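Subject: Structure handover

Hello,

Here is the structure you are taking over. Please open it first, then read the notes below with the model on screen.

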Amino acid sequence: MKSEFPSFKLRLALWAYGVLWWALLPVILLYLKKRGRKDPLYAQHIPERFGRYDRRLNAPVWVHAVSLGEMRSATPLIRALLAQGETVLTTHFTPAGRREAQREFADEIAAGKVQTVWVPFEYGFTYRRFLRHFAPKYGLVMEIEIWPRMIAACHRHGTPLFMCNAQYPKKSYEKDTRGLGLRAGLLAGFAGGFVKSEGQRARFASVDMPNLHVTGELRFDQPIPQAHLAAAEMIKDALAKGRPTFTLTSVVEGEDPLYIRMIKATPKAFFVYVPRAPERFDEVAQMLADAGVNYARRSDILDETLMLDGNMPDIDVLLGDSMGEMYFYLGLCDRAIVGGGFVEKGAHNVIEPLALKKPVIVGPHIWTIEYPATEAIAAGVCCHLTSEQDLIATVQDPPIVTDKQISAFYAEHAGGVARTLAAIKAALPR
C-alpha cells in the first residue's frame with residue numbers, strides 16, 4: 001500500500017525548510033542585487049518571485065526550465081505543444097533560461113501564446129498565488145529539479161506535476177537513498193515522470209515515484225538553426241586556415257587552466273572557446289590574454305548576422321562571448337570538446353554536436369549525462385578521456401569517426417518528443 005504524501009517526517013522537514021527560507025530571505029535578496037550588477041535581469045521582475053504577475057495566460061501548460069540547458073531541452077516539446085493548440089507558461093530561476101525562452105519564442109510571446117516569468121521563491125504563499133493566478137493544466141519540471149515547496153503545493157492544489165526528460169544520476173541517487181532519504185521522499189509527490197531510459201526508470205521506481213514512462217532524450221529532437229550553420233560555413237576557412245578545428249562547449253569554472261594548456265600544446269589547431277555562463281566571458285578573455293593566447297572575441301569581429309565586421313584577424317582562438325549561438329560555434333569545428341567533464345560537477349550536453357555529425361570528446365566526469373553518454377561511448381561517437389595527457393594526445397591525433405556511425409546512433413535515440421506527448425496523454429487523470 002502506498003504511503004501518504006507528504007509523510008510526517010517530510011512535513012517536519014518542509015516546516016524547517018520554510019523557516020530556513022524566511023531566515024535567509026535578506027541574504028537571497030542581497031544575492032540577487034549583487035548578481036544584478038553583472039546581469040541586470042537578476043534584479044528585475046522581483047514581484048514575480050513572490051507570486052505577483054502582471055498578466056495571465058488561459059490555463060497554460062507550465063514548463064519549469066531553471067536555466068539554459070533545461071530550456072534548450074524543453075524547446076522541441078514546447079514547439080509540439082504549441083502545434084497542438086496549447087498555450088505555454090515557462091518559469092526560470094536564472095537569466096540564461098529566461099533569455100533563451102524569450103529569444104526562441106519571441107513571436108509566440110508577442111502573439112500571447114507563450115509567457116515567461118520567474119519561478120516563485122520557495123514559500124507556500126508564493127505558490128498558492130502562482131497556482132491561483134495561472135491555473136495551469138499541468139506542470140513539467142525539466143530534468144531533475146527538485147523544489148520542495150513547488151512539489152508540495154502542486155500536490156495539495158491538485159495540479160499534476162511531472163518530472164520531464166528526467167534522469168536520476170547515480171551520485172544523486174546514492175546520496176538521496178542514504179540517511180533520512182528526504183529528497184528521495186519528495187519524488188513521491190510528483191504525479192509522474194517521463195524518464196530517459198529503462199535504467200533511470202528503475203531508479204525512480206525504487207523511491208516510489210508513480211506513473212513512470214520511458215520517453216528518451218528530448219534534445220535529440222531539437223531544431224537546428226540552419227542560418228547559423230550557413231554563417232559558420234562561410235567563415236570557417238577564413239578563421240581556421242585549413243587547421244583542424246575544435247569547439248569547446250559550455251566550459252565551466254575550474255577547467256580553463258587545463259584547456260588553455262591544451263591549446264598552447266596544440267599550435268597547429270584552431271579552437272572555438274565557449275564559456276558556459278555569460279558572466280565568465282570577461283574573466284576567460286583575461287585568462288587567454290594572460291596566457292599569451294592569440295584570440296579574438298566573437299563580439300569584436302562578427303556582427304549581428306555572424307558576418308565579419310571588418311578584416312579577418314589572424315588568431316588561434318575565437319572566444320564565443322554570446323548566448324544562443326551554439327550551433328554556429330559547433331558549425332565551425334571538426335570535433336567538439338564538451339565542458340564540465342574535467343571537474344566533478346560533471347559534463348554537459350553531447351547531443352548538439354552529434355546532431356551536426358561532429359564527434360565528441362568528454363572528460364572523466366560524465367555522471368550528469370549518463371544517458372546518452374554511455375551509449376555514445378559504446379557506439380564509438382564519443383571519446384571518454386580520464387586525464388589531461390589523454391586530452392592533449394587525442395586532440396593532437398583524434399580517432400576516426402564516420403558520419404555513418406553518428407547518423408546510426410542519432411537515429412536510434414531520436415523521437416523523444418512524440419514519446420513524451422503520448423506519455424503525457426496517458427499519464428494525465430481521466
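This is a predicted model: local features need pLDDT of at least 70, side-chain atom pairs count only at pLDDT 80 or more; totals for chains, interfaces and linings use all residues.

Seven strands make an open sheet, in the order β10-β11-β9-β8-β12-β13-β14, and they pair in parallel. At the edges are β10 (295-297) and β14 (382-384), and each of these pairs on one side only. Neighbouring strands here are turned by 20 degrees against each other on average, direction ignored. As background, strands of a sheet pair through backbone hydrogen bonds, either parallel or antiparallel.

Now some pairs inside this sheet. β8 and β9 are parallel partners, joined over five bridges. Look for Phe246, which stands opposite Phe271 in β9. Strand β12 (residues 335-338) pairs with strand β13 (residues 360-362), again in the parallel sense, over two bridges. There, Ala336 stands opposite Val360 of β13.

How many residues of β9 are buried? Six of its six residues are, and the strand is mostly covered. In a regular strand, side chains alternate between the two faces of the sheet.

What does Cys383 touch, leaving out residues up to four places away in sequence? Its contacts are Val360, Ile361, Val362, Thr394 and Pro399. Cys383 and Ile337 are 46 residues apart along the chain, yet their C-alpha atoms are separated by 9.4 Å.

A helix covers part of this sheet. Helix α17 (residues 388-396) lies across β8 (245-251), β9 (270-275), β12, β13 and β14. Its direction is at about 165 degrees to β13. Helix α17 also meets helix α11 (residues 256-264): their axes come within 10 Å and cross at roughly 35 degrees. The crossing of α11 and α17 is right-handed. From α11, the contact uses Leu258, Tyr259, Arg261 and Met262. From α17, it uses Glu388, Leu391, Ile392 and Val395.

Then move to the other sheet in these notes. Here seven strands run in the order β3-β2-β1-β4-β5-β6-β7, forming an open sheet with parallel pairing. Which strands stand at the edges? They are β3 (114-118) and β7 (212-214). Each has a single partner strand, so one side of each is left without a neighbour in the sheet. The twist averages 20 degrees from one strand to the next.

Strand β2 (residues 88-92) pairs with β3 over five bridges, in the parallel sense. Leu89 has Gln115 of β3 as its bridge partner. Helix α5 (residues 124-134) packs on this sheet and touches β1 (61-64), β2 and β3. The direction of α5 makes about 160 degrees with that of β2.

Now the whole chain. It has 19 helices and 14 strands. The radius of gyration is 22 Å, close to the 22 Å that the globule rule gives for 430 residues, so the chain is as compact as a globular protein of that length. The C-alpha trace spans about 65 × 45 × 40 Å along its principal axes. Buried residues make up 57% of the 430. Take the contacts between residues at least 6 apart in sequence: 70% of them join residues at least 24 apart. The chain exposes about 18700 Å², and carbon and sulfur atoms supply 55% of that area.

Most residues other than glycine have a negative phi, and most peptide bonds are trans.

- Phe5 to Pro6: this peptide bond is cis, with omega near -10 degrees. Pro6 sits in the segment before α1 (8-38).
- Tyr371 to Pro372: this bond is also cis, with omega about 10 degrees. Pro372 is in helix α16 (residues 370-378).
- Ala59: phi is positive, near 45 degrees. Ala59 is in the loop between α1 and β1, and is partly exposed at 27% relative accessible area.
- Glu143: phi is positive, about 70 degrees. Glu143 lies in the loop between β4 (138-142) and α6 (148-157). At 9% relative accessibility, Glu143 counts as buried.
- Glu325: this residue is in the loop between β11 (317-319) and α14 (326-331). Glu325 is buried, because its relative accessibility of 13% is under 20%. Glu325 touches His228, Arg298 and Leu306, not counting residues up to four places away in sequence.

Best wishes

Notes. Residues are numbered from 1 along each chain as its sequence is written. Side-chain values use heavy atoms; hydrogens and water are left out. Two strands pair if DSSP finds at least two bridges between them. Helices (H or I, at least four residues) and strands (E, at least two) are DSSP runs, numbered from the N terminus. Axes are lines fitted to C-alpha atoms, for helices over the stretch in contact, and angles run from 0 to 180 degrees between N-to-C directions. Contact means heavy atoms within 4.5 Å. The radius of gyration is taken over C-alpha atoms; the globule rule is 2.2 Å times the number of residues to the power 0.38. Buried means under 20% relative accessible area, exposed over 50%, partly exposed in between (1.4 Å probe, protein chains only). Accessible areas come from the Shrake-Rupley method with a 1.4 Å probe; for residues, only the protein chains shown count as cover. A crossing is left-handed if the near helix is turned anticlockwise from the far one by less than a right angle, and right-handed if clockwise.
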